[in-house]
2 protein chains.
Amino acid sequence: MQKYVFSFKEADYKNKKLFGGKGASLIQMTKLGLRVPPGFIITTEACKKFYEPKRSEISELEGILLKNPPPEVRDEAIKKLHSVIDSLDLPSEIWDQVVSYMKELEMETGKRFGDRDNPLLVSVRSGAAVSMPGMMDTVLNLGLNDETVKGLAKQTGNEWFAYDAYRRFLQMFGKIVLSIDEKLFSAAWEEIKKKYGVKDDPDVPLEGLREAVERFKDIIKRERGGFPQDPWEQLKLAVKAVFRSWMSPRAIFYRIIEKITPDIADCTAVNVVTMVFGNVGWDSGTGVVFSRDVATGENRLYGEFLPVAQGEDVVAGIRTPMDIEEFRKRFPHLYDELYNGVKLLEKVNKDVQDVEFTVERGRLYFLQSRNAKMTALARIKTAVDMAKEGIITREEALLYVSPEHVLQLLYPRIDPKAKAQPVAQGLPASPGAVSGQVVFHPDDAVRWAAQGRRVILVRVETKPDDVHGFYSAVGVLTSRGGMTSHAAVVARAIGKPAVVGAEAIEIHEEEKYFKVGSHVVREGDWITIDGHTGGVYIGVVPTIEAELIPELEELLRWADEFRRLGVRANADLPEDAAIARKFGAHGIGLLRIERMFRKPERLELLRKIILAETPEERRPHLERLYKMLKADFKEVFKIMDGLPVIVRLIDPPLHEFLPKPEEVLEQIYQKKMRGEDTAELEKLYRRIKALQEANPMLGHRGVRVGVTHPDFYYYLNRAILEAAAELKKEGLSPVVEIMIPQVSEVREIVYVKDKAIMPALRDVEESFGVKLNVKIGTMVETVRACLTIDEIARHVDFISFGTNDLTQAVFSFSRDDAENKFIPQYLDLKIIDANPFETIDVKGVGKLVEQTAATAKEANPSIEVGVCGEHGGDPRSIHFFHKTKVDYVSASPFRVPLARLAAAQAAVLNRQNKHYQKPI
Amino acid sequence: MQKYVFSFKEADYKNKKLFGGKGASLIQMTKLGLRVPPGFIITTEACKKFYEPKRSEISELEGILLKNPPPEVRDEAIKKLHSVIDSLDLPSEIWDQVVSYMKELEMETGKRFGDRDNPLLVSVRSGAAVSMPGMMDTVLNLGLNDETVKGLAKQTGNEWFAYDAYRRFLQMFGKIVLSIDEKLFSAAWEEIKKKYGVKDDPDVPLEGLREAVERFKDIIKRERGGFPQDPWEQLKLAVKAVFRSWMSPRAIFYRIIEKITPDIADCTAVNVVTMVFGNVGWDSGTGVVFSRDVATGENRLYGEFLPVAQGEDVVAGIRTPMDIEEFRKRFPHLYDELYNGVKLLEKVNKDVQDVEFTVERGRLYFLQSRNAKMTALARIKTAVDMAKEGIITREEALLYVSPEHVLQLLYPRIDPKAKAQPVAQGLPASPGAVSGQVVFHPDDAVRWAAQGRRVILVRVETKPDDVHGFYSAVGVLTSRGGMTSHAAVVARAIGKPAVVGAEAIEIHEEEKYFKVGSHVVREGDWITIDGHTGGVYIGVVPTIEAELIPELEELLRWADEFRRLGVRANADLPEDAAIARKFGAHGIGLLRIERMFRKPERLELLRKIILAETPEERRPHLERLYKMLKADFKEVFKIMDGLPVIVRLIDPPLHEFLPKPEEVLEQIYQKKMRGEDTAELEKLYRRIKALQEANPMLGHRGVRVGVTHPDFYYYLNRAILEAAAELKKEGLSPVVEIMIPQVSEVREIVYVKDKAIMPALRDVEESFGVKLNVKIGTMVETVRACLTIDEIARHVDFISFGTNDLTQAVFSFSRDDAENKFIPQYLDLKIIDANPFETIDVKGVGKLVEQTAATAKEANPSIEVGVCGEHGGDPRSIHFFHKTKVDYVSASPFRVPLARLAAAQAAVLNRQNKHYQKPI
C-alpha cells in the first residue's frame, strides 16, 4: 500500500515536491535537532489521489478559468468546480494512515485527541512545493469542542484563554473549512463587544466569550447544519478543505501569474502539527525573525516578537510587535537559542532565513523556516557577505541576486534638490521613488494600466486578493501594516516601490479619496512615494538615480570575471555618459545625436535646415549647428576617454523636428478668428504637410536622409571628428566609431561613406594635422540588412543590432501603436508570451539575430557585433545573446550594472547547462 | 598584324559584336546575294584600339558622368572628355588597312577616290552591336571637293544635283565631323533662299548652290580653319568622328538608360559604303519597308518610298512619302525584287524586317536590314503567324512577344460611352489611351515626373536628345512626322502611347502653350491622347480596358501548355472578377473585402461599427452590413463558379475608414467661425484621434482586428459562407478559401479560427443544411510569418505571399512615403537597381520567399503556395517565382494575360538554362 503520511522525523526534507515547502522545513528543523512541535505531513500524492476520481472534469473547468473568460462564464465555471470538488471524498486508505499517525502523536505528546481532560490540539496547514499566498493557510486549535475546551482550561489553568481559543477556532473553522462568510462572525463579535461595552478583544469577559461560542455555533448551524463536535470529523473536513483550496480560483490565478506549472508544484501537502500556544501568558508569544536584516542586509537577527499572541496576529499587523532587540534584552537565553537555530538554518539552506517561532511558557518552538524575501539592497549585501563568509560560492552569489534587484537598487530616489516636503511618513517597505495617479481598487489599477497610465495603488491594507493590482501599479501605498505585512512582502517580492503603514493618511476606499493634513487626494490625482524613505508626496516630485553601493560594486567585479558579453551603454548626453562610466560601461554602444537637438536654439537651427530649399540656403545653418554639437561631443568623448563611443548618425525622419500640422492648423484658425494675417503660417503648414509621412517609422529617415542630404551628414561627421581631433591634440585618446542607421542595402553605406564620412574625415585630418582612427559601422535594424549581411559585413568595421526597430519590422508591429492598442490583449489571450519589445522574441527576431551575427563573423572575422536595442538591458534577452555570436550588449546607463550581472549569470548557467530562469 | 578592316564579302554576319548591327546586316545581305553597294567595315576592335592610349582617363570621366552629377560637374567632365578624345590619333595600322580597302573599292566600282572625272563617293556610318539613336549616324557623299564635284556633275550629267550634294556634304561634314553649330549653316541657307526669292530647296538655282558652297566653306574656315579638300583627310576625320561619337554624352546617357553594358556593346564599328543616289531623278528614290505591317501585323509589305530623295529625307519626315502600294503600281518589277529580298531576310532572321533601300536610276540597292520595331498588336499577330508559317517554333513565338507588349495591347482605350470629341487627329503611333499634364520640354517631363505627376510630352517633333523625356512621360504628342518618325519609333520601342503628326496643333515650345482650334492649352493643363486612334482630347477622358484579340488568345493557349506557375487574379468586385475570368485567370488569388466598403451606405454602417463602444452596440450594424456584403460575394462566386476564390478578411486599420482628423478639425473651426455648436464634432474628433496611429501600416490591422474584435470577423465570415451556401443550394460549385491577413504568430490563426471562422462555418452549415468545403489559409506578409512558417504551415491549407507588405517590412520602407520621397533618388544614384515594389528584390525579399515556400512545403506537403502582391503581375518577378516552390501567382485582372505569358517564358528560358532577359 502506498504511504501517504510521514512524520517529521522520518521524511526527507529535500523532497519539497512531495512534502511541500512548509513540510520540508518542519522535517529539516526536526532533523537539525531544533525544537519543533511534533507532527506529520499528508503528502501531495495524497492530494492528487483525492482529485483522481474527477480529474478530467476538473481539468476542463480549470482550462476554462485559465483562458480568462468573461465574468459570467468564469462564475459558472467556479460554481461547477465547487460542486465537483464538494462531491469528492477523502479516500479511506489516506484517512486510515492519518488516524494511525494521530495515534502516534498522542503517544508522543501524552495527550489525547478529543480528551476532555488533557486534549491534543493540532494546527492544520496547507503547504505546496512553493509558497502560495493565494491558498488557505492555517486552522489552529483543531480538536476543540464543548468538552475539550474544558480540558484546555484545565491544562492551562486559564478558562478565559480556553474559551477565547474555542471562539477563534469556531470562526476560523467556519470560514476556512466550511466557507461561511466571515462577516457573519465578525458582526456577531462586534455586537458582543458592544453589549459588554468594551473596545478591544482582551477586554471581553469570559461570559462574553461563552456567548460568542454559542452564537458562532448557531451561525454554523444555520449556514451548514451544525458544527462537528467530533474532532476526527473536524480533522477530516480540514484536510479536505486544504486539498480543496488547491483549486480555489485565487490559487489558480496565482499559479497563472507566477507561472507555477505542474512540474514545479502539482498539489498541496497538509501539515498536521501539535499546537503550542504563544498566547497563554507574558512568558509566551510568537514571532518572526530573519537571519539577517532584510531591509539593509546587515548581519544581525532582525524581526519581531509579539507577546501573548498566536502566529497570525503578527502577520496580520494587528498589534505593533516588539523589536527582536527588545526580545534579546528580555529573554537573553531564548534569544541565543533562537539565534543559533536561525544561523544553522541559514548555513544549511545557503540563504537568509525567515523563521516563525513560538514561545510557550518560556520554551522556544520553531514552526517554520524558509528563504527570506528581502530588499534588493539586502539581497546584494547578503550575497556578497555570505560568499565572503564561505556560506556560498561566488558563482552562487551571482545567481543569488536577480538583475531586477540590481535595477531596483538603482531605482530613482527623490531629488533632494527638489526640497519636496512629504505630507506623510510611512515605512520604507520596498525601495524606489515613483510618481503615479492614485487608484483605490486593484481592478481599477488593472484597467487604468491597460490604458497606459501609471498608477499607484492606495489601500488601507492589502490582502492576497489584491495581488493582481500590484502587478499593474507602479507603486503601492497603505496606511496600515508593518515591514512584514502582506503589502510589504509582496511589493518587495515583485520589486515595486511601496510605502506601508502611513498612518497619517485617512483612506476612503469606497468614496475613492484620501485625506492627509489639509490635502484631499482623489482618484486620478498624482502623488509620489519614496520606498527608500517612506515619504509620501503630493504631485510629481523630481527623482534622481542612485549610486552603487560597495557590495554591488564587488558583486559586479565578480560578474565581470565570469561574463563573456561586453557591456556598453546607450548614452546621448554628457550626463548620461558620466552615469554610464560610473556604472562600469565599457564604452558607449549608442549615442543618438537627435537628443542633442533638444535645446531650443538648436531645434530652431535644425528647423531652418529642414525647411531650406537648396543646399546653399542650408549651409550657413549647418555651419552654426555643427559647432554647437561639437562641444557636446567633446564632453562625451572626454568622459569616455579611452573607451569606444559609437555615434549614430541622425536617425528619425526630419519632420519629427517640426511642429505637428494640427498644431499649426489650430494656430492658423485661431489667428483667423482674431482677424490676423495667416499667410506665413499657411506657408509653413503646406511645407510641413509636404514633408509629412503616412508611416514615418518606415519613411524618409536614417541613412535615407544621409543619401538624399549628404551635406547634412557631412556636417554631423565634422562635428564628431573635430571634437575627436581637438581632444587628441590635448593629449586624450578618444575612440570614435560612426554608425549609419536604417541601412537596408550595402550601397547606402558605400554612398554615405563616399559622400559624407570620408570627405569629413579628410577635411578634419587635413585642417587639424592629426590622424584619426575611426571605425565605421552600421546599425542592423532592417530585415534586409540581416538578409544581406554577408555583403554589408565586408564594408564595415562593426554592426550593432537595433532590436527595437528590428522587432517592429519582423512583427510588422509599430511599437507606439501596438503597445497601446493590442499587445495588452495579446498577452491576456496568450497569443504572445511576452511583450517582444521588452524581451527578445527568440523564434523570430532572435533567430534572425543569431543567423545574422554568425554570417557577419564568417564574412568578416574581425567584425564587432553588438546589440543596442532595449533588449540589451533585459536579462532574459541577455541570456539569449550570450549564446549567439554577439560580442556585447548596450543598455541604458542605469541598466548597465544589471546587464553586467545578467551576462555573468548567463555564462554561469550556460556552463552548468541550465536554461535561463528568473532568479528568486 | 591584327586585321581591323573587312569587306562585306569576307566577313561573318553573326559576329555583331565585332561588326556592329548595321555592318552585320550589310554582310548578311551581300552573302544572300541581294544587291548591296560595295563597301567595308572598320571593326569595333579598331574603335577600342583608337581609345586605348587614354583608356584610364576616359573611364574616369565616364564614371563621373555615370553618376549623374550636378550640371557644373557634368559640363566640366564633358569638356575634359572632348579634349582628351580630340588628342587621340587614328593608329596608322588601322589607317593603312582602310587605305588598302579603299583601293579595292576603287577597283570594284571602277571609280577613283578624289578623281575629278569619275570620283568615288562613300557614306560613312557608325554602327554598334545594338542600335543607338544617341550616336552619330551618317555622313553622305564623302569624297566631294571643289574638283570632284565637277566629276559628279559629269557622271550624273546634272550640275545642279552635284552642287546640291556638295552643299549638303559641307553642312553634314561641318556639323557631324567638325562639330560646328548647325544653325550657322541653316541661317546662311535661309539667307540665300531669301536672296533668290524661293521657298523650297529644289527651287534654288545653281547659282545659289554655288554661293552656298562658298559660304559654307567660309563658315568652316572661320570655325575650324578650313575645309579639308583632300578626300583621304575627309575620310580620316570622319572615321575619327564616328569613333568619338561612342563617347558623346548622349551616347553614354543612352547606354545608361538602355542598360547597354560592355558585354552587349563595347565600341562602335564604322561602315564605309559606296554612295548610291536616290536623288538623281524620278527613276530614283529611297525608301523604308517592313516585311509585315508593323502597326497591325498584317502579312503584307508596309512602308514608304520617297522619289528623288536621299535616305535621311524619309527618316526626318520632311516630305510626305508615297505608300509602298503606290510604289508597287509604279515599279512592279522593283517591287517584286524588293519583296523577295525582304521576305528572304525575314525567314533567315526569323523576325519581321525593317529594310532601307535606295533606287538609283531603276536599280534597287539594299542599304540596311534589321529586326522591325512594331506595335504590340503587330508583335503578337506576327509571332503567331510566323509560328504557323513554320518560320519560328511555338517556343520561339512565346519568347518573341514581351509581356509588356501584351499589357500594351490591353492598355486602356477611350471609353466610347464618354462620347468625347477629339480636338485634333494625328497618326496612331503607339497604342494606349492616357491622360496627363502637358509639358513642352523633356527636362520638364523629368522634373515633373520626379514630383509624381503624370505628364504628356508635347513637341513639334522629337530628336534623339529628347529621349530622356520619353521615359518620364506617360505619353507623347507631336505635330509633325510620320509613323516612322523618331517620336513614333521610340514611343513604340518603349511602349508609351503616342500620337504624332497632329498637324492641327500649333505648338509654341518656348512660350509653353499650344493652340488647337479655339483652345489654348498651357503647361500643366490636362489632355488625353489615344494612341489607337490618333485622337487628342482636352481634359481627362474616361478610358476602358481592351478585349483579347484572337492571336493573343492563341498565343496564351500555347503559354498555358508551357508554364508551371498557375495564374490567378486579384479581383475585389464582380466587375473585376468578370475581366479576370475573361482573361483566363484560374481563380481569384486575392479578394480584398475592404473595396466592397466603397459604397456610401456601407461606409456609413462601417463607421458606426468602428465607433461603437460595446459589442452589443455593434451587433445590429454588423447584421445589416453582412447581408449587403453577401450579395457581392454571391455575384463574385457565381462568376468564378468552379474556380477557387480567396477572400482576405479585412486588412487595413479601421481608422482608415473614418474621416481624417484634420478634416474634422477644419469643420470644427469653420463651424466655430460661424458661431455654431461643435460639441458633436469635437466628440468625433476625440474619438478619431484616439483611434489614430503613428504608423498605421504597422498598426492595429489585419488579424489583429480579428483578435480584438472576433465578432467583426465572425460576421464577415457569415457573409462569405452564406453566399457560398446559397449558391450551393442553387446547384453551383463555389470554391471558397478564407485568408487571414497580417499574421505574425501562429496563435493568431488558431484564435480567429476558433473564435470567428469555425463558429460562422458551423452556424451557416447548420442553418442552411449544407456541408461547405472551405479552405483556411493565411497571407504571408510579415517577416515573422516567414521565420515561423514551419509552425504556421501545419495550421493552414494554403499560404499566399503578400509581397507588397513583405517588401515594406524587409526594407523598412513605407511604400507611400518611399516612392514619393527617396526611391526616385535611390534609382538615380544606383543604390537600388529597380523599384522593389515593382520588381521583386531577389536578394532580400526573394530569398525570404524562396526559403519560406520551401519550408512550408516541407512542413505541410499538401499546402498551396501563392503570391498575391503586385509582383505577381511583374514578368521579372514571375521568372523568379518560377524557380521557387510557389504554385501560382495572382495579378490584377488586366495583367493576367501578361502573367500567363511571363510564366511560360520563365519555363521556356529555364529549360534552356537561360536567365531572365527583357524580350525584344
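My notes follow, with the conventions put ahead of the entries.

**Conventions.** I am working with a predicted model, in which local features need pLDDT of at least 70 and side-chain atom pairs count only at pLDDT 80 or more, while totals for chains, interfaces and linings use all residues. Residues are numbered from 1 along each chain as its sequence is written, chains are lettered from A and ligands numbered from 1 in the order in which they are written, and side-chain values use heavy atoms, with hydrogens and water left out.

**Interface.** I looked up the contacts (heavy atoms within 4.5 Å) and found 60 residues of chain B touching 60 residues of chain A. The two chains bury about 5600 Å² between them, with 54% of it on carbon and sulfur atoms; buried area here is the accessible area, with a 1.4 Å probe, that two parts lose on being put together, summed over both. On the chain B side, Glu662(B), Tyr669(B) and Leu698(B) lose the most area to chain A, together 12% of what that side buries.

I noted six salt bridges between chain B and chain A, counting a side-chain nitrogen of Lys or Arg within 4 Å of a carboxyl oxygen of Asp or Glu. I also looked up one salt bridge between side chains of the two chains, Asp841(A) with Arg784(B), at 2.6 Å from N to O. Helix 25 (residues 661-673) of chain B gives the largest share of the side that touches chain A, eight residues; helices are DSSP runs of H or I, at least four residues, and strands are runs of E, at least two, numbered from the N terminus.

**Annotated site.** The unreviewed UniProt entry places a "binding site" at Glu781(A) and Asp805(A), and such annotations may be inferred rather than shown by experiment. Although spread over 25 residues of sequence, they cluster in space, with a largest C-alpha distance of 5.5 Å. I located Glu781(A) in the loop between strand 28 (775-780) and helix 30 (783-787) of chain A.

**Within chain A.** I found the side chains of Arg35(A) and Glu337(A) in a salt bridge at 3.3 Å, N to O. Arg35(A) lies in the loop between helix 1 (16-31) and strand 2 (39-42) and Glu337(A) in helix 14 (residues 332-349), so the pair ties together parts 302 residues apart in sequence.
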